[in-house]
Amino acid sequence: MFGFGKPTTLPTADQALPGRSQQMWSLGRHLVLDAPVVTDEVPEGHEVAILGLGCFWGAEEIYWQLPGVWSTSVGYAGGSTPNPTYDEVCSGHTGHTEAIRVVFDPSVVSYADLVKKFFEIHDPTQGMRQGNDVGTQYRSAIYWTTPEQEQTARELTKVYGDELARRGLGEITTEIRPASETPYYYAEDAHQQYLAKNPFGYRCHANTGVAFPEPA
């Protein structure tokens with residue numbers, strides 16, 4: 001958390017740290033949802049959402065409480081370094097943002113609802129920061145996993161952006177990219193369900209205070 005003096009520009013692939021060929025840690029079951037943390041295989045009929053919205057500890061806690069969410073994990077997305085560590089990501093030299101991976105049942109909670117929640121619980125206008133947390137790993141991001149998710153993400157970004165503009169607030173800086181372009185790497189076990197393990201731990205919920213507008 002925090003990060004004054006850290007880089008606020010993304011490294012190129014050539015500049016990024018080399019990383020490693022394999023993940024160095026194993027992960028067990030979700031402490032809250034009693035599902036696998038590693039969800040490379042998802043239940044039939046479920047979808048995956050990958051979102052970056054600041055410090056991933058507090059973000060994951062919010063999403064594991066939503067009905068219809070089967071599993072959550074925290075990890076690193078959007079960068080160049082393979083299988084990075086937390087310290088490497090926090091250095092600003094991997095290009096990753098802290099992200100959460102949400103496996104959900106769309107018959108219970110829609111992808112649109114997850115994205116609306118995303119916009120309400122962080123500030124998507126802050127660029128390479130969230131509140132006092134400064135650095136490339138805190139940038140806002142949506143990594144879509146289906147064409148339908150991309151359409152939804154872009155439509156809702158415009159709706160929320162228009163609402164922020166109406167209120168005289170900043171422009172949305174959220175990075176929207178296909179997940180296929182940017183592998184998601186699971187974070188170390190200590191960071192998974194961090195706030196279930198440390199109930200009084202750090203939560204960063206910088207936000208605009210603007211609710212997602214309801215249709216007229």
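User: How many bridges join strand E2 (residues 69-77) to strand E3 (residues 97-104)?
Analyst: This is a predicted model, in which local features need pLDDT of at least 70, side-chain atom pairs count only at pLDDT 80 or more, and totals for chains, interfaces and linings use all residues. Residues are numbered from 1 along each chain as its sequence is written, and side-chain values use heavy atoms, leaving out hydrogens and water. Helices (H or I, at least four residues) and strands (E, at least two) are DSSP runs, numbered from the N terminus, and two strands pair if DSSP finds at least two bridges between them. E2 and E3 run antiparallel, and the number of bridges joining them is eight.

User: Which residue of E3 is the bridge partner of Gly75?
Analyst: Strands of a sheet pair through backbone hydrogen bonds, either parallel or antiparallel. E2 and E3 are antiparallel, and the partner of Gly75 in E3 is Ala99.

User: Which strands stand at the edges of the sheet?
Analyst: The open sheet has six strands with mixed pairing, in the order E7-E6-E1-E3-E2-E8. An edge strand has a single partner strand, so one side is left without a neighbour in the sheet; the two are E7 (175-178) and E8 (185-186).

User: Are helix H3 (residues 111-120) and helix H4 (residues 147-166) parallel, perpendicular or oblique to each other?
Analyst: Axes are lines fitted to C-alpha atoms, for helices over the stretch in contact, and angles run from 0 to 180 degrees between N-to-C directions. The axes of H3 and H4 come within 10 Å and cross at roughly 40°. Under 35 degrees counts as roughly parallel, over 145 as roughly antiparallel, 65 to 115 as roughly perpendicular and the rest as oblique. H3 and H4 are therefore oblique.

User: Are the rings of Phe119 and Tyr160 stacked, tilted or edge-to-face?
Analyst: The structure holds nine aromatic pairs; rings of Phe, Tyr and Trp (its six-membered ring) pair if their centres lie within 6.5 Å, with planes under 30 degrees apart counting as stacked, over 60 as edge-to-face and the rest as tilted. The centres of Phe119 and Tyr160 are 5.2 Å apart and their planes at 20°, so the pair is stacked.

User: How many residues apart are Phe119 and Tyr160?
Analyst: Phe119 belongs to H3 and Tyr160 to H4. The pair links distant parts of the chain, and the separation in residues is 41.
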